[in-house]
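Please read the following note beside the model. The points are numbered, and each one takes up a separate part of the structure.

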Amino acid sequence: MTAVGEQGVAAVTLEELYGTMARIRAFETRAMELFGEKHIRGSVHPYIGMEAIAVGVCSVLEESDFITSTHRGHGHCIAKGLELRPMMAEITGRATGYCKGKGGSMHITAMRHGMLGADAIVGGSLAIAVGAAYSLRLQGKDSVTVAFFGDGAANQGIFHEAANLASVLSAPVIFVCENNQWAISMPIAKAINIEDVAIRGAGYGFPGEVVDGNDVLAVREVAARAVERARRGDGPTLIEAKSYRITPHSAATPTDNRSPDELAYWRDRDPIARFGRHLVENGLTTEERLAHLTDEARDAVADAAAYALDCPYPDVGEAETDVYAPSDWQRPGRLS
Amino acid sequence: MSEEPRELTMAEALNEALQEEMRRDPGVFVIGEDIGRHGGLFRVTADLLDEFGPTRVIDSPISEAGITGAGVGAALVGSRPVVELQIFDFVTLVMDQLVNHAAKWRYMSGGQVSVPLVLRGPISNGIGMAAQHSQTLEAWFVHAPGLIVMMPSTPYDAKGMLKSAIREDNPVVFLEKRLLYARKGPVPEEEYLVPIGVADVKRVGSDVTVVAAGAPTQLALQAARQLAREGVEVEVIDPRTLKPLDIDTIAESVSKTGRLVVVNEGARAGGFASEVVARTLDHVALGDLKASPVRVTAKDTPIPYSTTLEREVLPSLEDVVGAVNQVLGRESAPAEVTV
């Protein structure tokens, strides 16, 4: 099948892009069910409707590149190549989860996949991404780091500190603002007095680009430019991907005060359906092929969920491990 | 006749620790405000820029949360950053990066990562810098699982402790006392480390145990010298690392003396002195105690500017002497020192 290969970034097939988006959609759908069935504690913040952003951006990254993520992070994980089984085990609190059940839905970390961690403090990981990017360059590596964050985080102080620091350090970092229009009940129009978050890049001396966050190929193209620029040593880029979360803020907070018209407008722009139409209309694949990819995604997620629910919970002794890295000073009873 | 041991100020000792560790490990870098060209407001990073260049000695914008967060990120991927807070009160701007990120990242990841970060800077009380430059906040950090907290009282300890902190795979809050920066003490030429979590008995005594870290250690030693002239033998224990606390050394001493005074410059309520008392009681048989433990702390106020007021609020030599007398049941105990 047709591959897209922007200059200087990893090539990927169109079916892979579609399949990864479908896997995210299936994962989030199942996660919402598992929350309802009380297999998931706390909450789940579904990425439904925003799949094109993570998939477009991560499709231009290498294994050796890093990302930081947010409370709405499952999509970033799947797009970065994490496996569904340990992800599902993590969010169902099992010992076999990526973080041994200590992190949960909002804190999936997988260093072997370049996933530095998901952060449940809005904006909290932005400076972490800058430091990781800087350090990797100091070590002579050509890795880049992508910081995913929401439009709400763009008003946190740490966003501005991270952006400025990234600029003066010329850190190879890409700030990806997922503008899904709402911070729980706060519409973006009331939260900021500018049309585009992207223009804030100019305030710190680096490019800011707006992209249709529901168009996976457009996201990929913008991300490719930003990654190439970062690898070249020309510093950060701010990408604002305009999108929408089709579901409420979280599974635990189902109240949604957004208008049905607005929801309908965005459902019509569903990034997966839209990409599927594009592929079929241009003769790049068939409906049958897409249906097969969707089934594959659902099967993989069903398998992951079944696996997770069959896994043991962590041994209670694990509650007190991993607080500190192993060190000379440690001996029993000294942690306090 | 043997050669006089080399003497350095605490600032020079800390500087030498940074220099040695940066030479030893190319992964170590320092970042902070005015630390490069200026060499640090208190000269702790003097001359490092010349030797290691601007990629490892980074003059940062005024952006405390940003540089601390960047330190966490750099630590996650293999660097050993040393982040300087110019004045440690600015840690209030950093608490999210420190407590929600540096301290928790390893645990939340199920042990996949470690955060070898040092966050260091001065406690600047005692010199009229007023309420936002004079706080002693170690209790906050001791209360955050995942952090290590260190506070040296001598140039020797400062150097050996900072070197251990830099080599440690866990985030370390390293508290320096500005008034001690210029104080000289012996520091050997040859390399050494002061291990994390090991207290030092600064003075041996049989009557009363005084536990104090950082500047109060010097206060405790002064009080001990004064009381020795009256026939009272005070044992002074400097935990050096506040977390993990070397409770064994403290408990052993209190079991011997039966009397405990804890000196700490933080505010009284919820303070580190309270923690030392409570932990000692966990480890010492009640029957071995000859008196209720006494805390000598700052008052529960912001630190005031005026000399008379600041002296009133911070623990003084008289307060320490009074507390020792109190646990001994001696008459000279001043009435205002209470349990």
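1. The buried residues of helix 9 of chain A are V216(A), V219(A), R220(A), V222(A), A223(A), A224(A), R225(A), A226(A), V227(A) and A230(A), where a residue is called buried if 20 or more other C-beta atoms, placed from the backbone, lie within 10 Å of its own, exposed if 12 or fewer do, and partly exposed in between. Helices (H or I, at least four residues) and strands (E, at least two) are DSSP runs, numbered from the N terminus. This is a predicted model, in which local features need pLDDT of at least 70 and side-chain atom pairs count only at pLDDT 80 or more, whereas totals for chains, interfaces and linings use all residues. Residues are numbered from 1 along each chain as its sequence is written, and chains are lettered from A and ligands numbered from 1 in the order in which they are written.

2. Helix 9 of chain A, residues 216-232, lies across strand 6, strand 9 and strand 10 (237-242) of chain A, and runs at about 170° to strand 10 of chain A; axes are lines fitted to C-alpha atoms, for helices over the stretch in contact, with angles from 0 to 180 degrees between N-to-C directions. At 1.5 Å a residue, the 17 residues of this helix should span 24 Å, which agrees with the 24 Å between its end C-alpha atoms; the expected span is 1.5 Å times one less than the number of residues. Just after helix 9 of chain A, G233(A) takes a positive phi of about 95°.

3. The open sheet of chain A has 6 strands in the order 4-3-5-6-10-9, with parallel pairing, and two strands are said to pair if DSSP finds at least two bridges between them. Strand 4 (115-119) and strand 9 (208-212) of chain A stand at the edges with a single partner strand each, so one side of each is left without a neighbour in the sheet. Within chain A, strand 5 (residues 145-150) is joined to strand 6 (residues 173-179) by 6 bridges, the two running parallel, and F148(A) stands opposite V176(A) in strand 6 of chain A.

4. In chain B, how many of the 6 residues of strand 7 are buried? The number is 6 of the 6 for this strand (residues 172-177), so it is largely enclosed by the rest of the structure. V172(B), F174(B) and E176(B) point one way from strand 7 of chain B, while V173(B), L175(B) and K177(B) point the other way. In a regular strand the side chains alternate between the two faces of the sheet.

5. Strand 7 of chain B runs parallel to strand 5 (residues 118-123) of chain B, to which 6 bridges join it, and K177(B) is the bridge partner of I123(B). Strand 7 of chain B also pairs in the parallel sense with strand 6 (residues 148-150) of chain B over 3 bridges, with I148(B) opposite V172(B).

6. Two backbone features deserve a check. Most residues other than glycine have a negative phi, and most peptide bonds are trans. K100(A) has a positive phi, near 60°, in the loop between helix 4 (84-91) and strand 4 of chain A, and counts as buried because it has 23 C-beta neighbours inside 10 Å. In chain B, a cis peptide bond with omega of about 0° joins K243(B) and P244(B), and P244(B) lies in the loop between strand 12 (241-243) and helix 9 (247-257) of chain B.

Key: Two residues are in contact if their C-beta atoms, placed from the backbone, lie within 7 Å.
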